[in-house]
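Dear colleague,

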Amino acid sequence: MHEQDSTPNGIPATSGRRRFLAGAAGLAATAVAAAPASALTRTPAAPSASAARGAAPARHQVTAAITQTGRRRLGSLKVSSIGLGCQTMPGDLYGPVTSRADMVALIRTAVDQGVTFFDTAEAYGPFESERIVGDALRPVRDKVVIASKFGWDIDPDTGARLGLTSRPDRIRKAVDGMLKRLRTDHIDLLYQHRVDPTVPIEDVADTVKDLIAQGKVLHWGLSEPGPRTVRRAHAVLPLTAIQNEYSTLWRGPEESVLPLCEELGIGFVCWAPLGMGFTTGTMSPYTRFTAEDRRTAMPRNSTENLAANMPLVRLLEEWAVRKGATPAQIDLAWLLAQKPWIVPIPSTTRLCHFLENIGAEEVRFSRAELAELNAAVARVTIHGDRLPPAALAMTGVEAPPR
């Protein structure tokens with residue numbers, strides 16, 4: 001069964017928020033990975049000269065004030081209660097980043113702040129996210145947990161994704177490539193990125209079992225799988241984690257995936273725990289995305305659906321005022337409060353956003369408050385699909401029989 005290894009420190013949320021504000025006020029005087037002075041705003045700022053040159057961030061009072069202490073268990077794997085998603089760091093998802101050196105520095109700062117769980121994939125970049133993570137974490141490899149994912153047929157020259165493939169030979173080749181890019185001899189948590197509808201999940205599990213026997217992989221999981229596939233995979237090789245999108249904006253896992261994880265003792269990792277930025281409160285019906293920003297293809301981000309979904313933002317803003325936090329922190333704290341074996345992995349490329357995210361650990365809900373918030377979230381109707389049709393068709397897929 002699930003357990004929570006330890007609970008976060010008992011500092012009241014308002015106390016932590018005051019420390020966060022006090023530290024953020026002095027942040028403008030320090031060059032820190034191109035972060036804006038205020039940790040409360042998620043608007044871009046021009047990078048400082050030192051950041052543009054790729055200088056590492058200096059230790060500052062704001063980073064000393066915001067440190068993550070909570071730990072949770074995904075199966076038998078202990079991780080920080082909030083991880084760091086590294087998908088956006090190559091700069092090809094939501095738009096360009098300041099510099100590669102800044103991304104390495106951000107990851108190293110995350111380690112300093114108590115984060116131990118870092119999520120990447122061969123498809124992110126492709127390959128570049130893994131290289132960034134490998135360069136950043138090599139000096140502290142024994143102190144962190146690295147998760148990556150296989151499952152795409154990627155052209156090594158062009159980076160084009162040619163379709164899904166989880167053939168055993170492809171899995172082995174993918175893992176060898178990951179180990180080189182991550183500059184390590186093992187992957188702590190290896191996911192199948194999407195279920196391959198042509199390969200039995202038992203064949204996938206047997207291949208990962210061999211990789212575990214070789215010491216190349218320690219734990220494994222599935223991303224966006226069908227529930228019957230979860231049971232079949234778990235019967236061959238116990239799963240450590242399921243990774244799905246989950247936030248107040250998308251609550252689909254509550255129907256069948258979360259109950260299944262609880263039944264089988266599998267941890268749950270939330271990607272897009274901030275609704276790809278929507279639940280931070282910085283998007284509106286007037287938001288327009290650049291051509292490089294892949295969120296423009298998400299149906300729920302149309303002008304009409306953004307307007308229709310604003311009641312959720314208003315709700316999060318009301319609770320942010322009530323709890324002395326930010327909307328993003330309310331969303332993350334809500335996830336943490338659902339189950340002790342749920343771990344969100346918000347992606348960010350800015351230090352101020354990272355500090356804001358891990359500050360969610362100090363936002364607490366009483367039992368009555370959580371019931372009230374859950375009921376309020378349930379009353380909000382969300383408009384628009386979360387992914388484009390082709391991507392949505394790859395979620396919840398069941399593997400073929402063996």
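What follows is a short account of a sheet, a pair of helices and one further helix.

Please keep in mind throughout that this is a predicted model.

To begin with the sheet, eight strands form an open arrangement in the order β3-β4-β5-β8-β9-β10-β11-β12, and their pairing is parallel. At the edges lie β3 (84–85) and β12 (342–344), each of which pairs on one side only. Within this sheet, strand β4 (residues 117–119) pairs with strand β5 (residues 145–150) in the parallel sense over three bridges, and there Phe-117 stands opposite Val-145 in β5. As a general point, strands of a sheet pair through backbone hydrogen bonds.

Turning to the helices, the axes of α7 (residues 201–213) and α8 (residues 227–236) come within 9 Å and cross at roughly 35°, and this crossing is right-handed. On the α7 side the contact is made by Ile-201, Glu-202, Ala-205, Asp-206 and Lys-209, while α8 contributes Thr-229, Arg-232, Ala-233 and Val-236.

Finally, why is helix α13 (residues 351–358) described as largely enclosed by the rest of the structure? Eight of its eight residues are buried, which means under 20% relative accessible area for each, and so the helix is largely enclosed.

With best wishes

Definitions and conventions. Residues numbered from 1 in each chain as written. Predicted model: local features only at pLDDT ≥ 70, side-chain atom pairs only at ≥ 80, totals over all residues. Heavy atoms only, no water. Pairing = 2+ DSSP bridges. Helix = DSSP H or I, 4+ residues; strand = E, 2+ residues; numbered from the N terminus. Axes fitted to C-alpha atoms, helices over the stretch in contact; angles between N-to-C directions. Left-handed = near helix turned anticlockwise from the far one by under 90°. Contact = heavy atoms within 4.5 Å. Buried < 20%, exposed > 50% of the residue type's maximum accessible area, 1.4 Å probe, protein only.
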